[in-house]
Amino acid sequence: MQASIFLESGKEHSVLHQHPWIFASTVARYEGKVGIGTTVSVFNDAKKMIGRAAYSPQSQIRARMWTWDPEESIDHAFFKRKIAAALEHRKKWIKNTNAIRLIFGEADGLPGLIVDQYDKLLVCQFLSAGADHWKDVIVAILAQQTGCESIYERSDAAVRQREGLESQTGLLYGVQPNTEILVQENAISYLVDPLHGHKTGFYIDQRDNRLLVQELSKHRRVLNMFCYTGGFSLSALKGGATEVISVDSSGDALEVAKKQTKLNGFDESRAIWLDEDAFETLKNMRIGEEFFDLIILDPPKFAPSAAHLGKAIRAYKEINRTAMQMLNKSGLMLTFSCSGAMDMETFEKTIFTASKEAASHQKSGEFKFRVLKRLTSGLDHPKLTCFPEGDYLKGLLLERI
Ligand code: SAH
């Protein structure tokens with residue numbers, strides 16, 4: 001008999017509306033033997049079955065829904081169907097690259113599972129007890145359905161701790177990958193280190209915005225803050241920027257960036273890489289009266305949770321205000337937040353306040369910004385209307401008018 005959980009009366013609303021998370025505070029009682037990552041039947045207060053979920057005894061998210069169909073079993077065939085559907089979506093929508101997010105957790109009906117493709121290599125993160133429980137099955141299906149050469153695990157994200165899972169990395173299938181996987185995206189070559197790179201090695205989510213930078217960079221002097229391995233910088237060089245100054249506090253990431261510049265045959269004299277603190281650099285450049293025609297601000301997650309939001313807003317405001325003051329007339333700015341705890345409305349408000357503050361520091365003349373576009377992640381990071389948490393990357397393209 002499968003173990004069961006029963007939801008508190010009146011607290012089943014969000015689950016009934018297809019939100020996949022069941023918080024500990026909404027569970028009234030448990031029945032049967034519930035184990036870490038095992039499947040439980042989910043019932044409402046009236047003992048009507050809602051569906052099936054993966055149990056996470058240590059997490060505040062006590063269970064994550066696999067299915068809302070009480071008739072559907074969670075087994076090998078279930079994962080085969082889900083993975084096939086996820087791959088089908090990418091085949092349909094993602095072009096001009098072999099760096100693709102194949103599975104994006106909840107948004108693909110597979111909570112806690114991330115799978116990124118870098119050419120013939122897949123890199124996986126099993127971030128929930130449920131995904132971890134089904135690891136062997138998932139790996140076998142991925143190998144069979146994708147025909148990949150290797151599958152490597154990078155389950156070293158901090159969220160695993162909240163699930164009571166240890167950090168885990170290593171080869172799961174095929175041959176050991178090396179630390180330089182060559183991928184192509186919109187006619188640019190990138191080197192991805194799946195063993196040590198951030199996340200699974202590369203910020204796949206910024207693909208569409210990198211292309212936008214490529215299209216907007218001609219004859220522009222560009223500043224790329226928090227550049228990591230220089231995805232936006234290379235895009236700007238490809239697009240014909242006159243000069244690209246890139247800043248990051250990771251020397252290792254900058255070494256990869258330089259290597260990639262050479263690899264693509266870009267004019268290295270137009271690329272300047274600064275291993276510095278972005279906050280300090282912005283301040284100093286402002287004092288030095290540096291001006292740019294295109295500025296990219298893609299900082300790390302300043303608000304890892306709602307508790308950090310206040311401090312994060314101040315940090316976003318500071319860097320945006322300073323960057324705005326260094327933008328030439330008709331200059332463009334792409335500004336981002338990848339903090340899941342910050343929604344688009346809060347982000348926009350923060351940026352709008354930054355622009356007001358920037359204007360009040362101006363010595364003279366008009367100082368206004370036009371919002372040209374709202375920015376988000378690519379279609380391989382699907383967004384579900386019932387799961388707004390998946391929409392973590394938000395940005396704005398601004399023009400100084
Ligand atoms: N824009 C990048 C991803 C940025 S991730 C891309 O598209 O690939 C955030 C980056 O900020 C990381 O590379 C990290 O090393 C860097 N970083 C974090 N804090 C920093 C700081 N105070 N100053 C400079 N860089 C910082």
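1. Asp 132, set aside from its neighbours within four places in sequence, is in contact (heavy atoms within 4.5 Å) with Phe 126, Arg 160 and Leu 165. Asp 132 belongs to helix α3; helices (H or I, at least four residues) and strands (E, at least two) are DSSP runs, numbered from the N terminus. The C-alpha atom of Asp 132 is separated by 49 Å from that of His 219, a residue 87 places away along the chain.

2. The model is predicted: local features need pLDDT of at least 70, side-chain atom pairs count only at pLDDT 80 or more, and totals for chains, interfaces and linings use all residues. Residues are numbered from 1 along each chain as its sequence is written, and side-chain values use heavy atoms, with hydrogens and water left out.

3. Salt bridges (a side-chain nitrogen of Lys or Arg within 4 Å of a carboxyl oxygen of Asp or Glu) number 22 in the structure. One of them joins Arg 160 to Asp 132, with 2.8 Å between the closest N and O atoms. This pair links distant parts of the chain, 28 residues apart: Arg 160 is in helix α5 (residues 159-162) and Asp 132 in helix α3 (residues 129-133). Side chains of opposite charge can pair when their charged atoms come close.

4. The protein is divided into domain 1 (4-67), domain 2 (76-181) and domain 3 (203-400), with bounds that come from an automatic or database domain assignment. Between the C-alpha centres of domain 2 and domain 3 the distance is 29 Å. Their contact takes 15 residues from domain 2 and 11 residues from domain 3.

5. Across the interface of domain 2 and domain 3 the rule finds one salt bridge. The side chains of Glu 180 and Lys 259 form a salt bridge at 2.5 Å, N to O. The rule also finds five residue pairs in polar contact across the interface of domain 2 and domain 3, both residues at pLDDT 80 or more. A polar contact is a pair of N or O atoms within 3.5 Å; within protein, one must be able to donate a hydrogen and the other to accept it, and residues adjacent in sequence count only if both atoms are side-chain atoms.

6. The elements giving two or more residues to the side of domain 2 that touches domain 3 are α2 (76-93), β7 (99-104) and β8 (113-118). The largest share, four residues, comes from β7.

7. Arg 221 lies in strand β14 (residues 221-225). Its side chain makes a polar contact with the side chain of Glu 243 at 2.8 Å, and a polar atom of the Arg 221 side chain lies 2.9 Å from the backbone oxygen of Phe 291.

8. The ligand is surrounded by 14 residues (a heavy atom within 4 Å), the closest being Phe 226, Asp 248, Asp 277, Ala 278 and Asp 298. An N or O atom in the side chain of Asp 248 is 2.6 Å from an oxygen atom of the ligand. A nitrogen atom of the ligand lies 2.8 Å from a polar side-chain atom of Asp 277, and a backbone N or O atom of Ser 249 is 3.1 Å from a nitrogen atom of the ligand.
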